[in-house]
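Me: Hi! I have a structure to get to know, and I'm new to this. Could you walk me through it?

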Amino acid sequence: MTLDQGLAFTIVVAMMALFAWGRWRYDLVAVLALLVSVAVGIVKPSEAFKGFSDDIVIIVGSALVVSAAVARSGVVERVVRWFGPYLTTINRQITALVGSVTLLSAFVKNIGALAMLMPIAFQLARRTNTSPSSLLMPMSFGALLGGIVTLVGTSPNIIVSRVREQLLGHPYNMFDFTPVGAGIAVVGFIVLCFGWRLLPHRKGAVSMDAAFNLEGYTTEVTVPENSPAAGLTVKALEDLGEGEVEVITLLRGTTRRYEPAGNIVIKARDILILQGEPAALERIVALEKLQLTREGKTHEIDTPSDEIGITEAVITPDSELVGSSAGQLKLFHRYAVNLLAVSRTGRRIASRLRAVRFRAGDVIVLRGNLAAMPETLGALHLLPLAERDLRIGRRASLFPLAVLAAAVVLVAFDIVPVAVAFFGAAVILLLAGSLTLRDAYDAIEWPILIMLGALIPVSDALRTTGGTDLIAAGLSHASANLPATGALALLLAAAMAVTPFLNNAATVLVMAPIAAGFAKNLGYSPDPFLMAVAIGAACDFLTPIGHQCNTLVMGPGGYRFGDYWRLGLPLSLSVLIVGVPLIAFFWPI
């Protein structure tokens, strides 16, 4: 082993350890690895930033923009809702939702496809008393399976295509992944349609609220002069709520605050902090003529009343709301929305709404201009949960789907390269107004692009120093007595084992050159082994942390870390059992 090889191995191993540790975000780890590689001399300064001009970065960024435009078109929601009345059983719901997200993920970013269909899953769950925990994880896994069907379905496919171009002079085409990917996706779909029964059923998780383990919303109201509630005792008001509403706090004047006993008399201009189920709170507010506390009404006065409404949304970890309160953020003045209610698992909220510090996973109710609400939710990184009428904020449009289809055709027939086709599609959609510039920049996962740009020179350094050849020689020696399909299965299993602890793109950047060297040493074609790495890196079904799709459904589904292997293990085994012969058949070893 040479000094440069030793340095390359040390940097890669340290990088993988930092990825697994999770204390620093993956993009920071990647740029640190690049900086150290330049400092020790295994990456030349003139080549340090070539990764940021690589086609991979353009393709991934453009595909994210196109996916966001398709998600906002409203077409997918409308099509699924047409079938809504027929989806009355959980088996039909699983079939329709998993099938839809799998098919859609072949052409748009899987996380976008999943986020697009999650609100529909909640609506079906609420309507039919189905547990969302039975729907969401199969949908997440279906999104991952759909991504392996085409070149642009997931980042590992794009990266492997680049490695092939470096080795053989030609990248993979748009549908080169389809024979293997579609076969695995079909078998995986069947496993999910039956395997959802392996998931734990959380007690009481029979509605959307239960899926979030809600213990009731907390809202703030003012008692006006003409309210029937003025003069009632706290207990009398709670009795009107039939036990479903509780007065948490009573504020009187500017200084007096009560943890109210049942015999305290409510007076006009008192402020009440109420907790209860949404329907019960709505009933009490209407019957007693209470006023929901809002920061202002200026924007509402200028908006037709039929365009004012409420939206229920969950706060994602990326939201700027996390750690701040509505008062600190000046939510109304900046976004023209009023905070009406908050729900948080495991904790009673007794403070005024404007002072509540939000946490990831909180469910909030916002009131504002419905036409502007989708853009507001996107800007705040909130995931809408309540039913969304398609007339709200936009009309369903086929134009983004037509542009996507045109890009796919251009790539499929080798008329233009993938990067040019999807970059052009993104520009056309922006010019047509299918997506605002603000939405486009929000849709791009900048940490992923930074990580890709930084790791490309690092992974190339592992190859140029001869490190990949050294690892490949060791693997070749270890698998010398294995049949060709056994070596292929070994590599596929290794990629599936590594990707839960690394970002899937990082897994491919490290393992693809090793797979190519491994195949060369054994005298095999590199294509089947590159395919195995791409599929293994994309199929993370065992943990909630290996892929964003799995992370996204963890809170809403009420899942625990150990729940994923229940369904993920049999699905992973099916990928191994089906994937190896399919790869060997369509890409002869």
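Me: Let's start with one residue. Is Glu282 buried or exposed?
Reply: Glu282 is exposed, because its relative accessible area is 59%. Exposed means over 50%, buried means under 20%, and partly exposed is in between, using a 1.4 Å probe and protein chains only. Before we go on, this is a predicted model, so local features need pLDDT of at least 70 and side-chain atom pairs count only at pLDDT 80 or more, while totals for chains, interfaces and linings use all residues. Residues are numbered from 1 along each chain as its sequence is written, and side-chain values use heavy atoms, with hydrogens and water left out.

Me: Thanks! Where does Glu282 sit?
Reply: Glu282 belongs to helix 12, residues 278-287. Helices (H or I, at least four residues) and strands (E, at least two) are DSSP runs, numbered from the N terminus. In space, the C-alpha atoms of Glu282 and Gly241 are 9.9 Å apart, although 41 residues separate the two in sequence.

Me: How many helices and strands are there in the protein chain?
Reply: The chain has 26 helices and nine strands. Of its 589 residues, 55% are buried.

Me: Can we zoom in on helix 17? Which of its residues are buried?
Reply: They are Pro400, Val403, Leu404, Ala407, Val408 and Val411. These residues sit on the same side of helix 17, because they cover an arc of only 135° around the axis. That arc is taken from the directions from the helix axis to the C-beta atoms.

Me: And what do those buried residues pack against?
Reply: The buried residues of helix 17 pack against helix 3 (55-72) and helix 18 (418-431). Contact here means heavy atoms within 4.5 Å.

Me: New topic: how many salt bridges does the structure hold?
Reply: There are 10 of them. A salt bridge is a side-chain nitrogen of Lys or Arg within 4 Å of a carboxyl oxygen of Asp or Glu. One of them joins Arg269 and Glu225, whose closest N and O atoms are 2.1 Å apart. This pair links distant parts of the chain, 44 residues apart: Arg269 is in the loop between strand 3 (256-258) and strand 4 (271-276), and Glu225 is in the loop between strand 1 (217-222) and helix 11 (234-240).

Me: Are those two buried or exposed?
Reply: Arg269 is exposed, at 58% relative accessible area, and Glu225 is exposed too, at 56%.

Me: What about Arg566 and Asp563?
Reply: Their side chains form a salt bridge of 3.7 Å, N to O. Arg566 is partly exposed at 37%, whereas Asp563 is buried at 5%. Elsewhere, salt bridges with shared partners join Lys50, Asp54, Arg162 and Asp460 into one network.

Me: Last one: which residues form the nonpolar patch on the surface?
Reply: Among them are Trp21, Trp24, Phe49, Phe52 and Ile450, and the whole patch has about 980 Å² of accessible area. Areas come from the Shrake-Rupley method with a 1.4 Å probe, and for residues only the protein chains shown count as cover. Patch residues have over 30% relative accessible area and no salt bridge; like charges are joined within 9 Å, and nonpolar side chains (Val, Leu, Ile, Met, Phe, Trp, Tyr) within 5 Å.

Me: Which helix gives the most to the patch?
Reply: Helix 2 (residues 26-40) does, with six residues. Ile450 is in helix 20, residues 446-464, and Ile450 is partly exposed at 32%.
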